Every structure is written in structure tokens, then in C-alpha cells.
Amino acid sequence: MANSYTLLANLRAGRCSNTAEVRLLRFWEARNINKEGELMSIEMLLIDEADTLVQGCVSAVHQRKFRERLAEGSVYTLSGFDVTRSNPKFKLSDGPVSIRFNEGTDFEKLSATARIIPTEHFRFRTHEQILELANTSRQLPDVIGEVRAIRSTITDRLPGAQRVMLTLRVESDVNVCVSLFDSLAVAFHTKLVGYGREPRIVLFTGINPKIVLGKLYLNGTSASRIFFDSETSAGKDRLERLQGGGADETGSSSKVVLAQKIEPLTVAELNEFVLSAEPQIIEFLCTAKVTGIQLDDGWCYIGCSLCSKKLIREESSFTCPSCNETNAVAELKNRVVFSVSDPTGTSSFLGFDKEVAKLTNVLASEAAQIVGIGISAHVDTELPRTLAGIVGNTYTFQLKLTDFNFTANHQTFTISRMFAAPEIASTPSFAEAEEVPQPAVSQTVTRVSAANGSIGSREAAEEEQFAMEESARKKARVE
């Protein structure tokens, strides 16, 4: 007896023996970055003739059975699957259920179908709605906009972290920043080079909105796809409206700002540069040996768990002025001043939480604990063994200089990245470009939940680094 036909909207929790006819819009791998990128599942988006979108999942156990059958855009019959409640975190569809493939699932590609099933489906949100979703980890919406600027660290494929930042005009007077990291940044760069021209309209799927220091960032995820201009009907409509407005495409200047290579300097050259050059924002590489750790101001500070800024101690709580939070969640953060030297001279380099933790494999919050709260809070300031073990090693430091480094009050150089000396895996820095105005965003943020698999795993790491660098000029002593 043939299975009954069902629409996705009619699915209920449990094992489904009925047959659905669906189009596979997109699929991607979900990997566990905490286990060396171990594959957890293959995720997908399925749609039927009623325009109902449902997220599907093939666990790592069953992926070999189905992987070779997956082709984006193709239509399939689907039966013998499990229907479960949708995960409330990082949602890519608005439906209450999701589909899980099992050992008995039948998933067969059709060469033709009489049903009219949509070939695309996007979940666009207004700027106000995206702001409401920021830092909640509830949904991963889609975004489309006119390209205003593209900044890329990718030049000659140097090893290390890569980043592409796009400024998109999503509404008539609203620009947003889309951040793409590592493999997704490289994918965008490759697509841009192969496209042959600069796109005017770009569409991103599955972005994760974050607010850091009052600024909205739309971070790409493993679920993100990138579409240019008329590659989608939504993009085609947006492009036609833009061209109908009389915009001059041929006369416009390039919006792509490529990275500047970071020059290496010795310690002596670095010290001389800040004495003789004009104040500026610039980055250098410097390979030096760590000869000691300066403990006059301790090795850590009590910071905000969200923005990393130093907290103000109240009578019985902590206040974060940056987040406008009077009952902030405190977390220990690394703030380590390294004494360094090379054959040309000596200096002091300042490292913050995440970069230091990459070397020690231990967060400050794991190495020590905050005892008490508010003005009575204190920390054991004894130097952890993991930090002491850095002394004597040689590293290549990527240093970010700001105007402050050219003043008489300058005492340290802020580390933006650290590498074991043999790697010398420098990432180029962005060339300075005109800042594109963005709407003001409320400083109030919500505590971020743990990431679900590889989606959300980046947790705005680069944006948080901005906060750490910005606090470099302030003392952060733990008393």
C-alpha cells in the first residue's frame, strides 16, 4: 500500500510514514569546533508546494547513506522520518517542528514533478527586528542590501584567520556591517574574483546578529549562503529598483578596500617609530622573546562577561557602563604585560584575554576565581603556571598601534595576535577607509547563550577584540 501524501505544515511529532515531496534549498555541515571540527550533522532546509519551510538534520551516524544524494535545488520524495520540536536556538525556519533522518528514512530524487515547489525562500527582517534578535541566539535571519563598502584581509592567502566585512544599505537610511570569517570569508573572496565585477546587491542567508559596544554586526555562520545581484529573484528585484532610481553604475568608484600587508620591525625599530613618526593607526609584526611577566598591575582584571570592559565595583554588585548594566555578570579576563627582547632592544607588550588564552589553553576564569562581589571582591593574584610557562619562549607578535602609542604616556604595545615564531602567520590589516555612518544602537545587550554546534561558534570574537584593544590604555589592576 502506497504511503499517503502529506504537507510539511501537517507534520506532528513522532515517526512519519507518510510521503512528502520537497525541494532541497540548501544544506551544510555542522561541526564541533571544540572537538577539532568533528562532524556532528548535515543540516538542510526543505520546502514544499505550500511554501512551508522546515529544517532537516542528518546525524553523523547516517550521513554516509544520504550525503551523495544531496543536490541543492533538486526535488525529493521523503518518508519514514522523525518529526521533532524545533530547536529554539539559531532557528532558520519559523515552523514549530523539524525533520530528523533515521536508518529507515527514504529520500529519493525525482527527475520531474507536477507540483509547483518554490525554488527559493528567504526570511528577511527589518532593521528594528534584527536589533531585537541581536545577542539572543534565537534566529538566524537573511539580509539583503546594496553594497556600500567591502573590506577584506585576503590578499595573497597568508595563513591565519581571515575576515571580510561588508557595509550594506538595507533600508534607505540604514547601513549594517556583515562580518564573514575564515572559510566563509575565503568563499566570498573566491566568488567575488570569479564574478568578474563588483556586485551592487548582495544577499546573505543565516546571519547571526550581535551587538558589541553599541554597534550591530551581522556575523556569517555555517548556514550562510552568498548571492550576488540577479542570482535570486529577490536580488533581481532589488537591483532593478536600484537601477530604476537612476544610480550610475559605470561611474561609481570601487567599493573594495584590500588589506595592507603588515611590515615586520625589530624591537628597536618599533621603539624608534613611535618617537619619530606622526600619530596614526597602524600594525606591525615583531618577533621577540618573552623574558618576563610584569606583575605590578596583576595579570588579570574583573571584566564584563559580555563586552570584556572593566567593571565598576558597587556595594553589592558590579556595573558595566559600556553595556549600561547595573547588575553585570563578572568574569576574570587576562591582562598580561610581557617583558620582551630581541638582539636590538627591549620593550613591553600587552596581551588581553583571548590571545593569551590561545597560548596557555586556559582562560583567566579557569585559572583563578573571583571571591566575593562588588567592593569586597578579590582575586588570588599569584601567577598561574600556564602563564609562567610562556617565559623564555619566542613569538611573533602582531601589534596594533594607535594615537596613544605616540604620546609620552605610552608604556606598552597592544597585542592583537600572537604566533609561535616558526609559524609567522600574519594576517594583513585593513587599509583605513572612510567610515560609513550607522544608526545609533542601544548599549543594552542580553547575555549570550552557548553556541549550538558550529552555528554561533564565533560569538563575535573579532568584535570583542575591539573592546579589549580599546581598553589597552586603561589600568586594570585586581586589588
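User: Hi! Which residues does phenylalanine 397 touch, leaving out those up to four places away in sequence?
Analyst: Phenylalanine 397 touches Phe284, Leu285, Cys286, Ala288, Val290, Val340, Phe349, Ile415, Arg417 and Met418, where contact means heavy atoms within 4.5 Å. This is a predicted model, in which local features need pLDDT of at least 70, side-chain atom pairs count only at pLDDT 80 or more, and totals for chains, interfaces and linings use all residues. Residues are numbered from 1 along each chain as its sequence is written, and side-chain values use heavy atoms, with hydrogens and water left out.

User: Which residues touch the most other members of the largest nonpolar core?
Analyst: Leu270, Phe338, Phe349, Phe397, Leu399 and Leu401, in a core of 40 residues. Such a core is a set of buried Ala, Val, Leu, Ile, Met, Phe, Trp, Tyr and Cys residues joined through side-chain atoms within 4.5 Å; buried means under 20% relative accessible area, exposed over 50%, partly exposed in between (1.4 Å probe, protein chains only).

User: And what supplies the largest share of this core?
Analyst: That is β19, with 5 residues. Strands (E, at least two residues) and helices (H or I, at least four) are DSSP runs, numbered from the N terminus.

User: New topic: is serine 179 buried or exposed?
Analyst: Buried, because its relative accessibility is 0%. Serine 179 lies in strand β11 (residues 174-181).

User: Which strand does β2 pair with in the antiparallel sense over 4 bridges?
Analyst: Strand β2 (residues 20-32) pairs that way with β5 (residues 75-79); two strands pair if DSSP finds at least two bridges between them. Alanine 20 sits opposite leucine 78 in β5.
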